[in-house]
Amino acid sequence: MLVLVASLGLAMTQFAHAAAPAAPATAINAAALAGNPFLKPSTLPFGYPAFDKIKDEHFAPAFAEGMRVQLAEIDAIANNPQPATFDNTILAMERSGRLLDRVQTTFQNLQGANTNDALDAIDRDMSPKLAAHGDAIFLNAKLFARVDALYAKRDKLKLDAEAKHLLERYHTDFVRAGAKLSDADKEKLKAINADIASLQTAFTQNVLKEANASALVVDNRADLAGMTDAAIETAAAAAKAKGMDGKYLIAITNTSGQAPLAVLSNRAVRERLMAASLARGSHGGEFDSRDIVLKIAKARADKAALLGYANFAAYALEDQTAKTTTAVNTLLGELAKPAVNNARKEAADLQTLANAEGGNFQVGAADWAYYTDKLRAQRFSFDENQLKPYFELNNVLTKGVFYAAGKLYGLSFKERKDLPVYNPDVRVFDVFDANGKQLAIFIADMYARSNKQGGAWMNAYVSQSKLLGTHPVVANHLNIPKPAAGEPTLLTYDEVKTAFHEFGHALHGMFSNVTYPRFSGTNVPSDFVEYPSQVNEMWAVWPEVLANYATHYKTGAPMPKELLDKVIASKKFNQGYMTTEYLAAALLDQRWHQLAPAQIPTDVVGFEATALKDMGVDFAPVPPRYRTTYFSHSFSGGYSAGYYAYLWSEKLDADSVQWFKENGGLLRKNGDWFRKTLLSRGGTDDALQLFRDFRGRDAIIAPLLERRGLNAQ
């Protein structure tokens, strides 16, 4: 996943708008800013953040000063007595806000990866101010008049293709932000944007706090039968850290399914864990998010209506490659029936297995992973635990992820210990291009923490831009459980794929070769941004790559070929479940955001149940990957009305994987072509045109249907 945060320039419309008019600097402000590390660009290589100098108290005054400075810059642009030109208006906006960008990218990245009560409080305070700041820019009538005047004569300005696209993109950003509204409606929009920003922040913080509060407490070690000794010791240590000596604490991750469900043989414990997971945010208490969900849905619907759209999904999708709700509904709807049919067949097989073992119960959501692993072992003579000894984290990263990037793109990596980090587990690498010149700095933050958001994501601390002379500093974040001291970090197959996936995002950021910050790296439509990262997953099981990293952590022996053959043979196994849980969440996201203001319900849980039934995906053994009350993709921002993007992108991905295979696979010429035509281009052209430049035609859906085992439905 990509975390959509503020990027360089004025690309703030991509995450939420941006910040509130700040008061003029005062003596108190000056004192508060003394020694603030954000006031000047970092002197570390590539502008890498000086984490050792950044303190919590630096953020608020730096935000205020950053907003004040940028508004002064914007005021100078808007009131320039000279006629508008590309240089004095568009480029001037691209160059504005450097201080705000530094503090905002660092803050949002840390707030997701290493938060605390102080940062959470700053986030709550700043969210509406950042929204108001964006409105102060994009609703500035004088500024828009200059942009509009340039847009009207864009064909006569003799701009190159990237510059012309930048002008057009700015005009679109302003219009979509409400620049053509009346003054009265602009004031309404400002209030709505502030509400949305505050509500999204509250939702995000609730999700993390509720996950921590929902951790399952188990009294007896015997009840954890099936878990490894190392995992049990980790659970014991987690309980001890909470003052519960002698007990065991199973952490909750943000998806509905929980990893221990695959191994816990005690069904009662499985059911307790599944129930705790599914109830998050909807069972009362301090972190209940139902009311927040309704307010977010209403505010977004109101915003869309004010801007002239039928609903928020229509507003959001217009700026994506999908363009319309009809296109998204059609894709999801076409796959729902065959996916659920597959899931029902899989459920029948699991029930047969459970019955054969003497189970006197109906297989449910808590049982699915447990019996799926058993059935996989029967059919393919292996289970996931056979793979883990071959997937040691450092090998996966350096001999797998990095190795594939070296073979395909000529990259090399050198770890460095001299740069400061915000957590001792974080690793930092210099990235060198094929010509030996440093390309980027890569940050790897792989372990789960109680103060870290769930899931996996990539973000950028510094984005590439020829205009600004900046080079990429990008980070990948995973949530791999950290083993007890002295124990190896052994990954599941899914965690290995996730590592390759997120590095695909990192490559998109590192290979950026654009002039303007507005187009840097992953600044592309959200239903396109997942595509390059999904393509990168293919190298996880490419024979040459796998042979290089999949060695036994104790003996160094390579993974037996027959084991890999079984992994590949089982790739379509359980696809009914995996497709259905994803589609259920994607359809829920659309259903919430295709509501008009008058259609917002009063009962979140009831609405969700009805929606799943109406859409034909209400199959209890397969709950949505995210239920509404912990659906961060949808209600925290970034992927609002956009969770379909993973499947939309997978159509492009599956077709691209076929291209790589047709052209010889892991070859430099293939990597160089993908880099040249697509990865380096950022948002400089229409996203689907970039795909055509790479593939030579539009994508076809057949490879996706084949991959998911839906082609025979």
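Leaving aside neighbours within four places in sequence, which residues is Y549 in contact with? Residues are numbered from 1 along each chain as its sequence is written. This is a predicted model, in which local features need pLDDT of at least 70 and side-chain atom pairs count only at pLDDT 80 or more, while totals for chains, interfaces and linings use all residues.

**View A. Surroundings of Y549.** Beyond its neighbours within four places in sequence, Y549 is in contact with Y390, F391, N395, V396, K399, G400, V496, F500 and A540; contact means heavy atoms within 4.5 Å.

**View B. The packing of helix 16 and helix 17.** Helix 16 (residues 393-409) and helix 17 (residues 493-510) have axes 11 Å apart and pack at an angle of about 45°. Helix 16 is therefore oblique to helix 17; angles under 35 degrees count as roughly parallel, over 145 as roughly antiparallel, 65 to 115 as roughly perpendicular and the rest as oblique. Residues making the contact include V396, G400 and Y409 of helix 16 and V496, F500 and L507 of helix 17.

**View C. The loop residue K158.** K158 is placed in the loop between helix 6 (141-152) and helix 7 (161-176). Its phi is near 55°, a positive value in a residue other than glycine. K158 is exposed, with a relative accessible area of 81%; buried means under 20% relative accessible area, exposed over 50%, and partly exposed in between (1.4 Å probe, protein chains only).

**View D. The loop residue N574.** The loop between helix 20 (561-569) and helix 21 (575-593) contains N574, whose phi, near 70°, is positive in a residue other than glycine. N574 counts as buried, at 12% relative accessibility.

Technical notes:
Heavy atoms only, no water. Axes fitted to C-alpha atoms, helices over the stretch in contact; angles between N-to-C directions. Helix = DSSP H or I, 4+ residues; strand = E, 2+ residues; numbered from the N terminus.
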